[in-house]
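Hello,

Here is the structure for you to look through. My notes follow it.

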Amino acid sequence: MIFETHAHYDDEQFDPDREELLNRLHASGIGPIVNVGANLQGCRDTVELTEQYPFIYGAVGVHPSETGELNEENFGLLRELLFREKIVAVGEIGLDYYWDEPDHDTQKKWFIRQLNLARELKMPVIIHSRDAAQDTYNILKQEKAEEIGGVIHCFSYSAEMAQRYVDMGFYIGVGGVVTFQNAKKLKEVVVSVPLERIVLETDSPYLAPVPNRGKRNCSGNLSLVVGKIAELKGITAEQVIDTTRKNAFKLYHMEEETVNTIRKV
């Protein structure tokens, strides 16, 4: 079974057929799914999904582009949600300089606050970083993130930067972008990073792999990502599935035996 480490099934794009889609993923070879919050409402919805579906776990955090909504009161709400039974990570959090707002200082403030919350609660982090390579790395080093652990989601930087994160003990999240013709950097990352530090993700409903690029993404497309990683590394798809599944359980501090039992309920 494939472990889907990052999806957004709370997104409105799934409103027409969410239940039907989620209930057929197991037949597509998809095992546990971690649904990731991006804003406060998304975090609430993520908790609801974990309560509704035995195979869905959650991450609670505020995406850098949404940090303008944070204040001390709702940061307290965020903290409360992290104590829910099936919440396994703080995320997605980080920096995104693609847009002008929120300003960089606001993003940095709440990135650091959420990192420290993860440290306090002994939970891994899911890091979003877009057009902010050096600042992201600097903050993670400054905050001793190697003591926290986590994954660099939807990795988009160089193989050299990937190695620096691996040296910090982080995993590298690889999704549909690796199948894109112009994804030279990510393909170099996949070749150079040990398979033991890679986890599979879709970022559904975004970033669907070829040949479904531009369409709504879902976890069932992970077999296409598996195939491309296997091709790039010269190994079998089964090796990719087995190793990345084990990696994901380690990343999220989950016991595979417990999860398998829950799925049979």
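D203 sits in the loop that runs between β8 (198-200) and α8 (222-233). Please keep in mind that this is a predicted model. The backbone at D203 is worth a look: phi is near 65°, a positive value, and the residue is not a glycine. Buried or exposed? D203 has a relative accessible area of 10%. The cut-off for buried is under 20%, so D203 counts as buried.

H253 also has a positive phi, near 55°, and is again a residue other than glycine. Look for H253 in the loop between α9 (237-251) and α10 (256-263). Its relative accessibility is 53%. Exposed means over 50%, so H253 counts as exposed.

Next, the cis peptide bonds. One joins G91 and E92, with omega at about 5°. E92 belongs to strand β4, which covers residues 87-96. Another cis bond joins E101 and P102, and there omega is about -5°. P102 is placed in the loop between β4 and α4 (104-121).

Now helix α3, residues 72-81. Which of its residues are buried? They are N74, F75, L78 and L81. Viewed down the axis of α3, these buried residues fall within an arc of 115°, so they line one face of the helix. E73 and E80 are on the other side of α3, and they are exposed. What covers the buried residues? The cover includes α2 (40-52), β3 (56-60), β4 and α4.

The N-terminal end of α3 has a cap. N71 provides it. A side-chain oxygen of N71 lies 3.1 Å from the backbone nitrogen of E73. E73 is also one of the exposed residues named above.

T5 has 2% relative accessibility, so it counts as buried. Where does its side chain reach? The side chain of T5 reaches the backbone oxygen of L200 at 2.6 Å. L200 falls in β8 (198-200), one end of the loop that holds D203. Setting aside neighbours within four places in sequence, T5 is in contact with V34, V36, V199, L200, E201, A248 and Y252.

Last, the whole chain. How many helices and strands are there? The protein chain has 10 helices and 8 strands. Its radius of gyration is 17 Å, close to the 18 Å that the globule rule gives for 265 residues, so the chain is as compact as a globular protein of that length. The C-alpha atoms fill a box of roughly 45 × 40 × 35 Å along the principal axes. Of the 265 residues, 55% count as buried. Take the contacts between residues at least 6 apart in sequence: 74% of them join residues at least 24 apart. The chain exposes about 11700 Å², and carbon and sulfur atoms supply 48% of that.

Go on to the cis bond between G91 and E92. Then turn to N71 at the N-terminal end of α3.

Best wishes

Conventions: Residues are numbered from 1 along each chain as its sequence is written. This is a predicted model: local features need pLDDT of at least 70, side-chain atom pairs count only at pLDDT 80 or more; totals for chains, interfaces and linings use all residues. Side-chain values use heavy atoms; hydrogens and water are left out. Helices (H or I, at least four residues) and strands (E, at least two) are DSSP runs, numbered from the N terminus. Buried means under 20% relative accessible area, exposed over 50%, partly exposed in between (1.4 Å probe, protein chains only). The arc is that of the directions from the helix axis to the C-beta atoms. Contact means heavy atoms within 4.5 Å. A polar contact is a pair of N or O atoms within 3.5 Å; within protein, one must be able to donate a hydrogen and the other to accept it, and residues adjacent in sequence count only if both atoms are side-chain atoms. The radius of gyration is taken over C-alpha atoms; the globule rule is 2.2 Å times the number of residues to the power 0.38. Accessible areas come from the Shrake-Rupley method with a 1.4 Å probe; for residues, only the protein chains shown count as cover.
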